[in-house]
Amino acid sequence: MATNVEKKDDGAKKSSGLRSTRKLFARWTGLRHAVKRTTKALVGPREPAREPPRILIDSTYAKRTFKKAELEKLFEKRKKRVYDLAPAPADLEKAVPDDVEAVGEDATVVIDAGSFLTRIGLTGEGEPRMVVASVVGFAGGPKTPDAHAAGAAGAAAHPDCYVRPLYRNAYADWDAAEKLWRHALFATEAFDVSPDRPGPPVVSDSGAGRVVITVPVLQPKATIQRMVEIVIDELGAEECHVGVAPVLALYGQGYTTGLVLDVGAQSARALPVIDGFATPHALCVDAELSGDRLNAYAADFLRARGCAFASNRAANAAGEALKRTRGVVAWSDRDPVTEATFEVTAAWTAEPKTIALTPEDRKLLGEPLFNPKKVDKQAKTKGLAALIKQSIYKSEEDMRVTLWGGVLLVGGGSSLNGTPERLEEDLFIISPDTIDVAVTASPGRDVMAWQGGAYLTTLPEFENNWIHVEDREDPELFKQRLKDTEYNC
């Protein structure tokens, strides 16, 4: 990533004064942050280059952009969307502890914007402060067409109209994405369905100084640009950086070279990273190997046991609970697995019942990730090990040995017990005889991307990879900064 940016001279008259001199000096030397902080200490804060952060619900992007009639049409359009896949349950969410104070504009906030969960925290901390389901529910109505609530509570309160901003690896509703991130950052009472506030906000009303936000691989440049615009213009951040989630996860483990296998809610992605740079030509994606597919199989398993669900959404919610609490991955025939039972409650079906699970039943709940044809004879995919092998053989030949021995397993879809051991066993079987295979996985692999963003921002070398609020004032400079900080994948 380049650090110095040359601004084109379009013949326009340049502004005079301390601010223009400071910008020229910073551009020549690359010491943007040092000059900014020194100037602020000597002469005080500069005049804001844009409006103050828009914190309240009455001043969100939709309220300021659309008329009332347009908001009603937007609500009807959202209502037609049907998500068979259930949102994350409330027991996976995490509120900020009551004894933790909100941070101000001097803090660096890291947002892991996943398709299933959104995690918010600060640089220097070991885990996110807040976790919220990546869903926004809309109430609608002639008087309040933009009324909404974020998180699992929002989906529960408005089951007929809720939006997953990041769906099938693409952003389809930027207004819902802004509402979700605003709720996660500021946690204002206006967004909460229940009268009890879930906890103090992560960021105070003054806004965050720096924000790092993650993005999936293979996102168009327009998506990256829109994310930066929302973070700076709508959420009030002074500086922003958009990082690719698998690359950040590798950085968080202290590596710069390896193959990242990200098993997410909607797909599995194998991405080789060489010396800190992603290799998109070797990226392999399989939507059949995901957490949502495991949920769907678990739902079919419950249906086969006589459970009748009112909707596919309820069935997938029950399947997610079954997979998360009873599912295991057996990596050898000698791996002991005990019998268990699962309660299908009235929240999912009109006839609650108890399902008895044999050891073989529990093993099958994780099998679609490794041997899909064992549970579905019509399956066309071959499993996670084959996906990794395909990605390795798309990479340069001299790096293949390193990639075989440097597989990093991340993502919430890989959280079942025994997944790393089974993956390493399958890789050992399909790898060349002279190759050593190694899979690295930590218990908190679902938050590795967030940890990578929190770690990366502490490095001195990262200082020139921020996009500043001043860069937004010049369209040409803004485009150049986006190009300089991109990950090429």
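Modeller: A disulfide is a pair of cysteine sulfur atoms within 2.5 Å, and the structure holds 0 disulfides. This is a predicted model, in which local features need pLDDT of at least 70 and side-chain atom pairs count only at pLDDT 80 or more, while totals for chains, interfaces and linings use all residues. Residues are numbered from 1 along each chain as its sequence is written, and side-chain values use heavy atoms, with hydrogens and water left out.

Colleague: What span does helix α7 reach, and what is expected?

Modeller: Helices are DSSP runs (H or I, at least four residues) and strands are runs of E (at least two), numbered from the N terminus. The expected span is 1.5 Å times one less than the number of residues. Helix α7, residues 221-234, has 14 residues and reaches 19 Å from its first C-alpha to its last, close to the expected 20 Å. Among the buried residues of α7 are Met227, Val228 and Ile230.

Colleague: What makes β3 and β19 the edge strands?

Modeller: Two strands pair if DSSP finds at least two bridges between them. The open sheet has 6 strands in the order β3-β2-β1-β9-β10-β19, with mixed pairing, and β3 (130-133) and β19 (467-468) each pair on one side only.

Colleague: How do you know that β1 and β2 pair?

Modeller: Strands β1 (residues 108-113) and β2 (residues 117-122) share 5 bridges in the antiparallel sense, against the at least two required.

Conventions
Buried < 20%, exposed > 50% of the residue type's maximum accessible area, 1.4 Å probe, protein only.
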